[in-house]
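Please read them alongside the coordinates.

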Amino acid sequence: MDQAFIQRRRRDLVVAAFLAAIAAAVPLFVKDVYVQNIMVLTLMYAALSQSWNILSGYCGQISLGHALYFGLGAYTTALLFTKFGVLPWFGMLAGGLLSAVIAMALGYPCFRLGGHYFVIATIVIAEITLLLFHNWDWAGAALGIDIPIRQDSWLTFQFTRSKLPYFYFALVLACVAWFVTWWLEDSKWGYWWRAVKDNPLAAESLGVVVFNSKMGAAAVSAFLVAIGGSFYGQFVSYIDPESVMGFQFSLLMALPAVLGGIGTLWGPMLGAVILIPLTELTRSYIGGSGRGVDLIVYGGLIIAISLARPQGLVSLFSRKPKAAAKPVREAVAS
């Protein structure tokens with residue numbers, strides 16, 4: 001059983017490398033700017049959903065307030081760049097670290113809540129932060145921040161003539177988020193998180209420090225989401241509270257994982273590849289009437305997929321129900 005589990009892990013790594021290589025070659029054949037834009041957004045949301053899945057999927061702490069960390073990453077990078085001339089690369093790191101610290105600070109009281117009370121708390125905190133940024137004059141308030149355009153350069157991470165640099169950065173970000181999840185999945189932290197998700201009391205009886213496990217998951221998840229927010233700010237060159245902290249971002253991080261398979265390695269990626277192009281195409285081709293037809297079609301397809309595959313689309317490719325996994329009890333105890 002252990003050998004089969006190791007082989008599955010290696011196969012996942014090989015498949016991921018193969019898919020990344022194919023994705024990297026796609027822009028060589030797809031020249032349409034609109035399609036390239038969809039590909040950038042798909043990869044970005046794949047990374048965001050994979051990051052959200054660490055806390056909400058593996059650890060079982062459902063958060064609908066991750067737009068907070070997305071916005072913090074975007075605002076930290078934009079403010080450091082526009083106010084102090086700090087390069088976006090340092091801003092990304094600062095935004096990620098700040099979000100991780102804030103996630104742990106918020107987790108200290110919130111992780112003492114359970115079930116729907118925790119979900120409500122994440123929504124409320126994110127909405128409060130949104131209102132604060134709406135009224136914070138130094139950060140542009142409701143008008144937002146217009147990021148100054150300089151010459152195309154990787155140094156300032158700005159490109160006006162082509163979307164390909166953004167595509168390849170988004171691809172790297174998605175690969176990093178996937179690899180971090182792959183690595184954590186078979187680490188002691190991964191087993192602790194799944195034990196906490198299944199039964200916190202049983203996990204604690206086996207020596208798992210439940211509270212610290214949740215805090216670790218929150219920090220990793222927030223850090224990666226903030227990097228995505230920093231990237232998005234540079235990609236669009238303008239941010240305001242609604243465009244980076246709106247509730248829709250929290251939903252768009254959660255939905256790919258839920259539809260693809262929450263708490264799974266491939267679920268967020270599969271969900272994003274289907275959901276994000278569907279979102280953009282329905283909005284572009286049938287959303288111009290102003291009657292909400294695109295939302296009806298989009299929502300109907302989500303409901304149909306959820307009813308057909310409650311375990312997520314990734315279950316279409318699973319041969320056995322986790323027969324190859326190491327026993328969680330044994331892993332946690334070790």
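1. A cavity here is a set of points, on a 1 Å grid over the protein atoms alone, where a 1.4 Å probe fits but cannot get out; its lining residues have an atom within 4 Å of a point. Points are joined across faces, edges and corners, and the volume is the space filled by probe spheres set on them.

2. This is a predicted model, in which local features need pLDDT of at least 70 and side-chain atom pairs count only at pLDDT 80 or more, while totals for chains, interfaces and linings use all residues. Residues are numbered from 1 along each chain as its sequence is written, and side-chain values use heavy atoms, with hydrogens and water left out.

3. Searching the whole structure gives two cavities of 30 Å³ or more.

4. Which helix gives the most to the lining of the largest cavity? It is α4, with four residues. At least two residues each come from α3 (67-84), α4 (88-110) and α5 (116-134); helices are DSSP runs of H or I, at least four residues, numbered from the N terminus.

5. The lining of the largest cavity has 10 nonpolar, five polar and no charged residues. Nonpolar means Ala, Val, Leu, Ile, Met, Phe, Trp, Tyr, Cys and Pro; charged means Asp, Glu, Lys and Arg; the others, Gly among them, are polar.

6. The second largest cavity holds about 30 Å³. Its lining consists of I54, Y58, T181, L184, E185, G190, W193 and R194, with α2 (33-58), α6 (164-185) and α7 (188-198) giving two or more residues each. Four of the lining residues are nonpolar, two polar and two charged.

Definitions and conventions: On a 1 Å grid over the protein atoms alone, a cavity is a set of points where a 1.4 Å probe fits but cannot get out, and a pocket is an open set with protein on both sides within 12 Å along at least five of seven lines; lining residues have an atom within 4 Å of a point.
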